[in-house]
Amino acid sequence: MIVPILPQVANDTAAYLIMRKAQMIRKDEMWFKRMLVAGCVACFLTLFVGMATAKDISKKAGTTGLAFLKLGVGAKAVAMGGAFTAVADDPSGISYNPAGTKFLAGKQFLADYHNYVLDIQSGFIAHTRPFTADLSGGVFIDYLNFGDFTRTDINGVPSGEFSGGDFLIGANLSYLIRPELAAGVNVKYMHEAADGYGVDAVAADIGLLMKLPDSLTKVGLTFYNLGGVISGYTDHKDKLPMGVRAGVSHSLRELPLVVALDGVLPNDNSFYGNAGVEFYKFKPLYLRLGYSLFGENYKTGSGSDTWGGLAAGFGLDVKDYHISYAFMPYLDLGTSHRVTVSGGF
């Protein structure tokens, strides 16, 4: 009588295990959904608070040094309004979320040229690669050239010219905690020089990036520029522009569209939000549009203020490379043009 019962016992055991597995999957999915909802609510609240207070100049504005750290890098990220914390899908993402390098495939590079306002120019170069199945990393360089200025004496009499600029070199490591969750860290050294004087600083970025079970949604969190100035122009040492940024991105099932939202809390300004979209219906052509509430800082009350915070651009796949362009108006200061080339090797 025992033998005939065995198949039934086996079937009951299998059914129970399948049921328990399904329960665990549903539990994980509910946890991920709660995380997504919390992330979306946080981002929308940040956008709302930013819009409500956008007309007020923060008392903390202008209280940090090394302002080039706030310019952003990468034409794709800039064209999407800087909402890149949860996107981070090219090597420029190393600057927005250091955990993003873990989800990049193979060895990749990116070179970015930025024609900023008032003849100021900057550039960014990054290389990323996997080391093991769980560990990836990269190196990156960021620079800004102020251009030439006329030196004058105390009476305003010209006495020659001088130039200046900023330079940053950094290294990245990212680790896969779980198949859907990665953590990353950047360490950075920065130097700013002007007419023979210099500033040196060191800092770190710490980030988390998580893919949700739907494979369409990602959430990210980054603490950036955690560090300080180690030597300054004088005995006074400015603080670094540090803060925290949280983001969510989602690829729509029904439309060929990626939507991204970021909320940013800096130590030298008020809350602000970034929003961006990428439309890829016409691949290999990608169309991008973004808006950042940080653009309120560029408004002066002139007729061109309407465009403050807006950004736009496009990307194009050319063989094994991707070329991106971004345009961003700085209102009365001028316009910013950025070109990026990236690819694998």
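By class, twelve nonpolar, ten polar and nine charged residues make up the lining of the second largest pocket in this predicted model, where Ala, Val, Leu, Ile, Met, Phe, Trp, Tyr, Cys and Pro count as nonpolar, Asp, Glu, Lys and Arg as charged, and the others, Gly among them, as polar. A pocket is an open set of points, on a 1 Å grid over the protein atoms alone, where a 1.4 Å probe fits and protein lies on both sides within 12 Å along at least five of seven lines, and its lining residues have an atom within 4 Å of a point.

The second largest pocket holds about 640 Å³ of space, a volume being the space filled by probe spheres set on the points, which are joined across faces, edges and corners. Of its 31 lining residues, K76, V87, D89, K218 and E278 are the closest to its centre. Among the strands (DSSP runs of E, at least two residues, numbered from the N terminus), β8 (243-251) gives the most to this lining, with three residues.

The largest pocket has about 980 Å³ of space, and of the 43 residues that line it, L69, K70, L71, G72 and F294 are the closest to its centre. Its lining divides into 23 nonpolar, 14 polar and six charged residues. The strand β7 (217-231) supplies the largest share of that lining, three residues, and β7 also gives at least two residues to the lining of the second largest pocket.

Residues are numbered from 1 along each chain as its sequence is written. Because the model is predicted, local features need pLDDT of at least 70 and side-chain atom pairs count only at pLDDT 80 or more, while totals for chains, interfaces and linings use all residues, and side-chain values use heavy atoms, with hydrogens and water left out.

Note on methods. Helices (H or I, at least four residues) and strands (E, at least two) are DSSP runs, numbered from the N terminus.
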